[in-house]
Amino acid sequence: MVTSTESRTKFADLLTHPEELRARVEIVVNSMPVMDVHTHLFPSEFNELCLYGIDELLTYHYLTAETLRSARISHDRFWQLSKTAQADLVWQTLFVENSPASEAARGIISVLDAFGLDTRAENLGEAREFFNSRRVDEHIDRVFDIARVSGVVMTNDPFDDTEAEIWKSDVSADPRFKSAMRLDRLLNGNSITGTTASLRQTLDGWIARMNPVYMGVSLPADFKFPAEDTRDRLLREVVLPAAREHGLAMTLMVGVRRRVNPKLREAGDGVGKADVTAVERMCADYPDVHFLATFLSRENQHELCVTARKFNNLMPFGCWWFLNNPSIVSEITRERLELLGTSFIPQHSDARVLEQLIYKWKHARKEIANALADSYERLLSSGRAVTAEEITRDVNRLFAGNFAELVS
Ligand code: RAT
Ligand code: ZN
């Protein structure tokens, strides 16, 4: 029985005014700590793999591709330049000679602004001096704080020699950096060979060493499952049984076309529309494995939502790479809310350079807050108001809870 005092209190908690509702959603979304489920960041214990500062930010592959569209320099000549000279050229081209209108370029502006640096500077002198003066561990704390990121999942490649050496030294890393075992070299190439049993042993060894929160792979646009190929065999005989036995989720990032233009090096990958039924089959064949999935093509997003409705072992996540633009994040987040309620992970940063956390989350939070506010407003006009506590519960689920449940 609800007493009249209780029901009065409850009624008082309801956000029945659209502006008040929207303001509350913004506060909750902007302040909620987020678990970033896919990055390429490393803690300082990983030495030169831990990237930060203006030169790394400006030579991000999203920006080098954009620079080579506007600067009058050949690809070969660009790659011959030192990192600082490349960064100078990126700044000159995208920020001095042009307005930084693209999402990746605006990201730099958000980062400079967060540290009170001149966003219209003629050169990088001030920014270099600032970042060089930072002590790395304090800087990591500060960036996590500004971005309100509680933890990040790394991308750990056991088949990369530099990284493997660090793991073998029994590194004890900052606990905010969670490991994820990346299996591209095993599943997408033919460089890692061995019998099924020996490969399984290798995986088990690395799982014991890295203690990953999941295993992951990026897959081409023409990925098929089932298929008559080596990848299918490795998935069925090595990787998926390991996922099942270790209780590890499997992350699938589908739709990349690697090295469409090799002259762009790391920036040379493209996108292709993939076949979502491959993931559908995997979810059906392995009901006891949890899958996180993100697709690179905008055209695959609706099918991914429908597949997630059919398989509760499938968790859509993030607006990946070429989709990480405000207009598309907005569209995808709205589509997911309409089809899945709050049972998805709206975004990951894919940050490679520490300070990218600041802009990627700032920009994503804005689109997520708008999409959520519109959805609560529609609920209100249908006859149900929400409370501030309910908004907090929902945002916590989107930003941390859904992932925590998958990896617990
Ligand atoms: O978004 C990126 O930075 C890409 O280069 C890829 O790293 C992609 O996110 C991946 O994980 O394969
Ligand atoms: Zn990535």
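Trainee: Where does ligand 1 sit?

Mentor: On a 1 Å grid over the protein atoms alone, a pocket is an open set of points with protein on both sides within 12 Å along at least five of seven lines. A molecule sits in a pocket if more than half of its atoms lie within 2 Å of its grid points. Here ligand 1 sits in the largest pocket. This is a predicted model, where local features need pLDDT of at least 70 and side-chain atom pairs count only at pLDDT 80 or more, while totals for chains, interfaces and linings use all residues. Residues are numbered from 1 along each chain as written, chains are lettered from A and ligands numbered from 1 in written order, and side-chain values use heavy atoms, without hydrogens and water.

Trainee: Which side chains have a polar atom at an oxygen atom of ligand 1?

Mentor: A polar contact is a pair of N or O atoms within 3.5 Å. Histidine 61 has one at 2.8 Å, arginine 182 at 2.7 Å and arginine 352 at 2.3 Å. Ligand 1 alone exposes 300 Å², of which the protein buries 97%; such areas come from the Shrake-Rupley method with a 1.4 Å probe.

Trainee: Which residues coordinate the zinc ion (ligand 2)?

Mentor: Donors are N, O and S atoms within 2.8 Å of the metal (3.2 Å for Na, K and Ca); water is not among the atoms, so sites may look incomplete. The zinc ion is coordinated by His38 (NE2), His40 (NE2) and Asp350 (OD), at 2.0 to 2.1 Å.

Trainee: Is aspartate 350 buried or exposed?

Mentor: Buried means under 20% relative accessible area, exposed over 50%, partly exposed in between (1.4 Å probe, protein chains only). Aspartate 350 is buried, at 6%.

Notes: Polar contact = N/O pair within 3.5 Å; in protein donor to acceptor, adjacent residues only side chain to side chain. 1 Å grid on protein atoms, 1.4 Å probe; cavity = no way out; pocket = protein on both sides within 12 Å on 5 of 7 lines; lining within 4 Å.
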